[in-house]
Protein chains: 2
Amino acid sequence: MATEQAAKDAVNPAAVSCADIDPGECPYYLITRVSLGATAAMKRGFAEAGIGFVRPAYLGSLMSLWREDGLRVIDLGRRAGLEPSTMTGLLDRMERDGLVERRPDPADRRVLKIFLTETGARIRQTVIGIVDGTLLRVLSGVGRGEIDTLKELLRKVLVNVREERVEG
Amino acid sequence: MATEQAAKDAVNPAAVSCADIDPGECPYYLITRVSLGATAAMKRGFAEAGIGFVRPAYLGSLMSLWREDGLRVIDLGRRAGLEPSTMTGLLDRMERDGLVERRPDPADRRVLKIFLTETGARIRQTVIGIVDGTLLRVLSGVGRGEIDTLKELLRKVLVNVREERVEG
DNA sequence: TCAGTATTATACGCATACGTAATATACGCG
DNA sequence: CGCGTATATTACGTATGCGTATAATACTGA
């Protein structure tokens, strides 16, 4: 029956409950610690490659700019998944570190367009290599199919948390 | 053959590469955004339940103290997965918000033991209910077996990033 | 005993992220 | 045209986390 199938596939409270208070069993604990640990691994990867001025937080913006240079602050934030107010400080640091520069848009004086510097453009392949290498290490022992599953599940959760935000 | 099996199970670079620069395909992007989104959802859950003074960052420490009250700062940090220097500020805020208190240990004057206040102990069931409820929403549409898979994969990754840290 | 080392917690500076408020500019409608 | 609204960005305060340095205390071996 459809009902039985639905019940079978439904979330089982026991599978997500943190009532027994074992961090290793709490998805929230796992996600946040993995996120912190992966960020630390990225930071170390950049430092060891001699480009410690590239911070993990820059990745979303750099990736977006490598794909399309000269984006507005707000569009860059949308693609990186960050609030506009977060972008200000981030871009301050990226500018300080010589990766991007802000240029006014003559067509709309409210707008600043973000452009890669020569350095920001040049490090592209190096950075991608470090990100991929770090992911290989962090995901070592996880099979290819499992990685696809992981990505699929995380994408689903990401949709849920974004809807949460909108509803509120 | 063992070799063929190993090759089959090995991480496929194509599965983790961020070279095509699509955030939705990059596990690092997914993990960090899900972590931020889940934390925001927890924060909202507490606020809506009228206990906004409970912050998501307190969860690891609260869970540990509900299990065993009177832990030292360093042991609390180990269980919550946080550095000692991070614990100082966290405990400052938890103390300010009336959830815990520091008490000297007569047996070792370097040590401060952390105890739940009456409030900190009383909110236990409420907090666990909100955490579980938030996880149910965030994981809605994800089947029970998938959640177990997700947890298993995250635990494996967590081990990897912790080894990374030690080796460095 | 006491000199050297280890442990515990904190202090401080920095990075990263959010929300709210303020500022400057653009746009739409009468 | 000009007024009210919308948009883009920044400013500011706060939370959360790390690393390094420091202070106080404990331990250990000669």
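## The surface near DNA strand D

Let's start where protein meets DNA. Both chains take part: α3, α5 (73-80) and α6 (84-96) of chain A, along with α6 (84-96) and β3 (108-116) of chain B, each supply at least two residues of the surface near DNA strand D. With 4 residues, α6(B) gives the most to this surface. Keep in mind that this is a predicted model.

What kinds of residues are these? They divide into 11 charged, 9 nonpolar and 4 polar. There are 24 residues around DNA strand D, and those that come nearest are Arg72(A), Ile74(A), Leu112(A), Thr86(B) and Arg93(B).

## Which part of the DNA is touched

Look at the atoms of DNA strand D within 4 Å of the protein: 74% belong to sugar or phosphate, and the rest to bases.

Arg93(B) has a side-chain N or O atom 2.8 Å from a phosphate oxygen of DNA strand D. Val73(A) uses its backbone instead, with an N or O atom 3.4 Å from a phosphate oxygen.

## Where the two α3 helices meet

Now for the protein-protein side. Helix α3 (residues 27-48) of chain A packs against helix α3 (residues 27-48) of chain B at an angle of about 135°, and their axes are 9 Å apart. That angle makes α3(A) oblique to α3(B). The crossing is left-handed.

On α3(A), the residues making the contact include Tyr28(A), Ile31(A), Val34(A) and Met42(A), while α3(B) contributes Tyr28(B), Ile31(B), Val34(B) and Met42(B), among others. The contact residues divide into 10 nonpolar and 6 polar, with no charged ones.

How values were computed
Residues numbered from 1 in each chain as written. Chains lettered and ligands numbered in written order. Predicted model: local features only at pLDDT ≥ 70, side-chain atom pairs only at ≥ 80, totals over all residues. Heavy atoms only, no water. Axes fitted to C-alpha atoms, helices over the stretch in contact; angles between N-to-C directions. Parallel < 35°, antiparallel > 145°, perpendicular 65-115°, else oblique. Left-handed = near helix turned anticlockwise from the far one by under 90°. Contact = heavy atoms within 4.5 Å. Nonpolar A, V, L, I, M, F, W, Y, C, P; charged D, E, K, R; others polar. Near = heavy atom within 4 Å. Polar contact = N/O pair within 3.5 Å; in protein donor to acceptor, adjacent residues only side chain to side chain.
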